[in-house]
Amino acid sequence: MSDKATLILNDKSYELPLVKGTENEIGIDIKSLRASTGAITLDPGFKNTGSCESSITYLDGEKGILRYAGYAIEDLTNRANFLEVAYLLIFGELPNEAQYNKFFDDIKKQSYVNYNMVRILDGFPKSAHPMGVLASLTSALISFNPKTVDVESDEEMYKAIVKIMAKFPVLTAWVFRNSKDEVLTESDSDLDYVENLCQMFFKEEGKKYEQNPVIVNALNQLLILHADHEQNCSTSTVRIVGSSHAGLFASISAGISALWGRLHGGANQAVLEMLDAIMEDGGDTKKFMQKAKDKNDPFRLMGFGHRVYKNFDPRARIIKKAADEVLNDLGVSDPVLDIAKGLEEEALKDSYFVDRKLYPNVDFYSGVIYKAIGIPVEMFTVMFALGRLPGWIGQWREMRLQKQPIGRPRQIYVGPTHREFKPLAER
Ligand code: SDX
């Protein structure tokens with residue numbers, strides 16, 4: 001294979017170097033394009049544009065492959081815990097026993113949150129969307145940790161990483177409990193990361209929280225499945241905010257806001273609201289399929305389609321199987337799951353969806369599990385953010401260590417050309 005691409009522009013030819021990844025992906029390196037040709041590329045939504053070279057996550061949209069630093073998502077969800085996977089995404093290797101214990105001990109030591117944050121939390125109306133509150137509290141963490149991370153210092157970077165890994169779960173639990181007017185809980189260092197999350201979320205005042213292994217296992221799997229996904233919208237946001245040398249907490253706060261959108265992480269909430277609406281409307285999935293295909297109808301089949309996966313989302317397959325198991329283990333039956341399965345079956349036979357390669361994505365079944373384990377629909381995207389945190393951290397760290405230049409795309413201007421100014425009286 002040649003190591004160059006040739007571009008012919010205005011009867012001149014230009015050679016552009018090719019970049020080949022370890023999975024044989026090819027990129028045309030256009031770093032010199034504008035300087036040598038005067039032209040730029042145009043790619044709204046960056047559907048064909050790579051922003052970086054990364055060693056963190058590999059996914060193959062055609063084959064439905066998802067690997068974190070070479071490890072298959074199927075192996076990680078079955079054989080690792082979320083904190084091991086967080087370590088892998090952040091530092092590039094699965095931790096050995098000593099590394100794991102140190103990472104977890106350091107996180108435990110940082111799991112207190114300055115109680116002045118409660119006064120900020122109290123300022124939000126109970127009706128505030130949890131993602132907006134979480135983005136604000138994450139940003140507010142900066143005020144209590146004002147020192148900007150010196151990324152050249154491994155120790156300072158590690159400390160910032162441990163701090164956010166420790167405090168973020170506490171903030172999510174506070175956001176949840178505050179919305180229900182429940183007493184705020186604190187971290188319990190005798191528990192593992194996910195068990196601690198469960199007790200912070202669900203502990204009833206004055207009672208010892210009894211762990212339910214079905215819920216712990218389901219959450220562990222869901223957090224791993226959401227932990228990273230290469231250069232998705234929110235991760236790209238974290239990277240571009242960090243590229244201005246804004247701090248880690250500020251960059252993550254921006255990522256939370258990007259994830260909130262219903263086309264992205266907010267889809268898990270939109271899916272449940274859609275399934276509930278279909279159920280309330282009598283469960284006529286064919287009617288809603290027609291709406292989804294009608295260009296004049298803004299309705300979309302939430303939880304369907306993906307920018308990269310064009311055959312199936314491997315995460316959706318794992319979550320769909322887990323949904324059956326969790327509901328069965330908890331002795332819960334939820335008609336919404338049957339409606340979801342009915343929609344999937346319809347779509348797999350419908351040319352509109354098949355032609356456009358639209359299949360269930362990670363958000364289509366996750367909400368069924370969250371609901372079964374006691375998470376309300378408005379908290380679904382917060383759970384997505386909890387899972388995605390280590391991916392955001394790992395990608396931010398990689399971007400800074402790679403010394404990526406500040407992200408500043410170009411544009412093609414299509415507005416008015418030069419015109420003379422007219423004073424108000426003459427307009
Ligand atoms: C996530 O990028 C990631 O990795 C994201 C994520 C992660 O882990 O970070 O995987 C998490 O965000 C998953 C996606 C969650 N969003 C949804 O479920 C919302 C519903 N899906 C769509 O909005 C859409 O499929 C996107 C946003 C996911 C992808 O959009 P694209 O790649 O920009 O595709 P498109 O909008 O250009 O659609 C292509 C065609 C269009 O039809 P035509 O104009 O060609 O006729 O497919 C149609 C679209 O109208 N289409 C849908 C549809 N999704 C796409 N039609 C009906 N229902 C849908 N859900």
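Axes here are lines fitted to C-alpha atoms, for helices over the stretch in contact, and angles run from 0 to 180 degrees between N-to-C directions. The model is predicted.

**Exercise 1. Helix α9 against helix α17**

Task: Describe how α9 and α17 pack, and state which residues meet.

Solution. 
Step 1. Take the geometry. α9 and helix α17 (residues 362-372) pack at about 150 degrees, and their axes are 11 Å apart.
Step 2. Classify the angle. Angles over 145 degrees count as roughly antiparallel. Therefore α9 is roughly antiparallel to α17.
Step 3. α9 and α17 cross in a left-handed sense.
Step 4. List the residues. From α9 come Ala-218, Leu-219 and Leu-222; from α17 come Ser-366, Ile-369 and Tyr-370.
Step 5. Sort them by class. The contact of α9 with α17 holds five nonpolar residues, one polar and no charged.

**Exercise 2. Helix α9 against helix α14**

Solution. 
Step 1. On the α9 side, the contact uses Val-214, Ile-215, Ala-218, Gln-221, Leu-222 and Leu-225. On the α14 side, it uses Arg-315, Ile-318, Ile-319, Ala-322, Val-326, Asp-329 and Leu-330.

**Exercise 3. Helix α8 against helix α9**

Task: Work out how α8 is oriented on α9, and name the contact residues.

Solution. 
Step 1. Helix α8 (residues 193-202) meets helix α9 (residues 213-225) at about 110 degrees. Their axes lie 9 Å apart.
Step 2. Angles of 65 to 115 degrees count as roughly perpendicular. So α8 is roughly perpendicular to α9.
Step 3. The α8–α9 crossing is right-handed.
Step 4. α8 contributes Val-194, Glu-195, Leu-197 and Cys-198. α9 contributes Ile-215, Val-216, Leu-219, Asn-220 and Leu-223.
Step 5. The contact of α8 with α9 counts seven nonpolar, one polar and one charged residues.

**Exercise 4. The ligand**

Solution. 
Step 1. Check the side chains. An N or O atom in the Arg-300 side chain is 2.9 Å from a ligand oxygen atom. For Asn-361, a polar side-chain atom lies 2.9 Å from an oxygen atom of the ligand.

Notes. Residues are numbered from 1 along each chain as its sequence is written. This is a predicted model: local features need pLDDT of at least 70, side-chain atom pairs count only at pLDDT 80 or more; totals for chains, interfaces and linings use all residues. Side-chain values use heavy atoms; hydrogens and water are left out. Helices (H or I, at least four residues) and strands (E, at least two) are DSSP runs, numbered from the N terminus. Angles under 35 degrees count as roughly parallel, over 145 as roughly antiparallel, 65 to 115 as roughly perpendicular and the rest as oblique. A crossing is left-handed if the near helix is turned anticlockwise from the far one by less than a right angle, and right-handed if clockwise. Contact means heavy atoms within 4.5 Å. Ala, Val, Leu, Ile, Met, Phe, Trp, Tyr, Cys and Pro count as nonpolar, Asp, Glu, Lys and Arg as charged, and the others, Gly among them, as polar. A polar contact is a pair of N or O atoms within 3.5 Å; within protein, one must be able to donate a hydrogen and the other to accept it, and residues adjacent in sequence count only if both atoms are side-chain atoms.
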